[in-house]
Amino acid sequence: MITPKILAFAGSTRKDSFNKRLAKVALHAAEQAGAETTFIDLLDYNMPLYSKDLFDEQGMPGGVIEFKEMLKSHNGFLIASPEYNGSLTGTLKNAIDWATIKAKGEERMACWDGKIAGLVSASPGSLGGIRGLHHLRTILAGIGTFVLPNHLAVSNSETNLQNDIQITDEKLQHQVDTLATEIVRVVRRLH
Ligand code: FNR
């Protein structure tokens with residue numbers, strides 16, 4: 001039985017991001033379920049706005065190469081996606097777009113093909129950012145990633161996400177635990 005390697009990141013670069021907190025809560029649950037886990041902050045990866053001209057003239061930016069290596073070296077992703085105007089953030093979409101650009105000699109969609117993703121979102125509002133998750137799901141499915149059927153939106157994030165370990169609302173914490181257990185189980189089944 002393999003030890004699934006799960007990577008978590010959030011579509012926010014904000015210092016006190018609720019989604020970064022939620023990504024860490026979900027990752028903690030995945031670790032409890034038997035995964036080897038890594039958290040990354042997109043702020044640490046220099047990924048300029050995607051431009052084909054920039055790519056043609058200067059090649060793949062260093063931050064993109066590093067981000068792609070992180071994706072490639074993990075079996076599954078827990079992605080915490082903030083909702084901006086009913087969709088995912090430009091930051092997250094830009095990172096995904098860069099990571100679909102093929103380097104010389106690299107297989108198509110090498111970062112995404114056959115990977116498993118679990119999606120979560122957090123928002124101070126009452127819907128928890130759930131609308132953005134539907135868009136993110138469609139994007140990931142389109143680039144070859146298997147997205148777990150259930151996803152989770154944490155509303156009232158100021159109350160619910162006060163630390164990196166546990167959600168205040170027990171029912172939501174149970175749903176995170178279930179999602180984390182599921183990603184570990186599915187990665188194991190596919191390997
Ligand atoms: C928001 N926010 C927001 N929230 C929501 O639930 N639905 C939405 O459509 C939007 N739209 C939106 C647009 C823009 C441009 C901003 C800046 C914010 C609020 C958002 O959920 C809130 O700022 C979260 O705290 C963002 O996530 P992080 O950075 O805390 O992870």
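Ile65 counts as partly exposed because its relative accessibility is 42%; partly exposed means between buried (under 20% relative accessible area) and exposed (over 50%), with a 1.4 Å probe and protein chains only. Ile65 is found in helix H3 (residues 62–72). Helices (H or I, at least four residues) and strands (E, at least two) are DSSP runs, numbered from the N terminus. From C-alpha to C-alpha, Ile65 and Tyr45 are 9.0 Å apart in space and 20 residues apart in sequence.

This is a predicted model: local features need pLDDT of at least 70, side-chain atom pairs count only at pLDDT 80 or more, and totals for chains, interfaces and linings use all residues. Residues are numbered from 1 along each chain as its sequence is written, and side-chain values use heavy atoms, with hydrogens and water left out.

**Strand E1 and its partners**

- Strand E1 covers residues 5–10. Five of its six residues are buried, so the strand is mostly covered.
- E1 pairs with strand E2 (residues 36–39) in the parallel sense, over four bridges. Two strands pair if DSSP finds at least two bridges between them.
- Lys5 has Glu36 in E2 as its bridge partner. Ile6 stands opposite Thr37, also in E2.
- From E1 the chain crosses through helix H1 (residues 18–32) to E2. This β-α-β crossover is right-handed: with the strands pointing away from the viewer, the path from the first strand over the helix to the second runs clockwise.
- E1 also runs parallel to strand E3 (residues 76–80), joined by five bridges.
- Across that pairing, Phe9 stands opposite Ile79. Ala10 stands opposite Ala80.

- E3 is largely enclosed by the rest of the structure, because five of its five residues are buried.
- Gly76, Leu78 and Ala80 point one way from E3. Phe77 and Ile79 point the other way. All of these residues are buried.
- E3 and strand E4 (residues 116–122) run parallel and are joined by five bridges.

**Ligand site**

- The ligand is surrounded by 13 residues, each with a heavy atom within 4 Å of the ligand. The closest are Ser12, Arg14, Ser17, Glu83 and Ser123.
- By class, the shell holds four nonpolar, six polar and three charged residues. Ala, Val, Leu, Ile, Met, Phe, Trp, Tyr, Cys and Pro count as nonpolar, Asp, Glu, Lys and Arg as charged, and the others, Gly among them, as polar.
- Ser12 places a polar side-chain atom 2.7 Å from an oxygen atom of the ligand.
- An N or O atom in the side chain of Asn19 is 2.8 Å from an oxygen atom of the ligand.
- A polar backbone atom of Asn85 is 2.8 Å from a nitrogen atom of the ligand.
- Taken alone, the ligand exposes 620 Å², and the protein buries 69% of that. Accessible areas come from the Shrake-Rupley method with a 1.4 Å probe.

**Between E3 and H4**

- Asn85 lies in the loop between E3 and H4. Asn85 counts as exposed because its relative accessible area is 83%.
- Thr89 lies in the loop between E3 and H4. Thr89 counts as buried because its relative accessibility is 2%.
- Thr89 and Ala10 are 79 residues apart in sequence and 9.9 Å apart in space, C-alpha to C-alpha.
- Asn94 belongs to helix H4 (residues 90–98). With a relative accessible area of 11%, Asn94 is buried.
- The Asn94 side chain reaches the backbone oxygen of Pro48 at 3.0 Å. A polar contact is a pair of N or O atoms within 3.5 Å; within protein, one must be able to donate a hydrogen and the other to accept it, and residues adjacent in sequence count only if both atoms are side-chain atoms.

**Positive phi angles**

- Most residues other than glycine have a negative phi.
- Asn85 is not a glycine, yet has a positive phi of about 50°.
- Asn156 is a residue other than glycine with a positive phi, near 45°.
- Asn156 is found in the loop between strand E6 (152–154) and helix H6 (157–160). Asn156 is partly exposed, because its relative accessible area is 38%.
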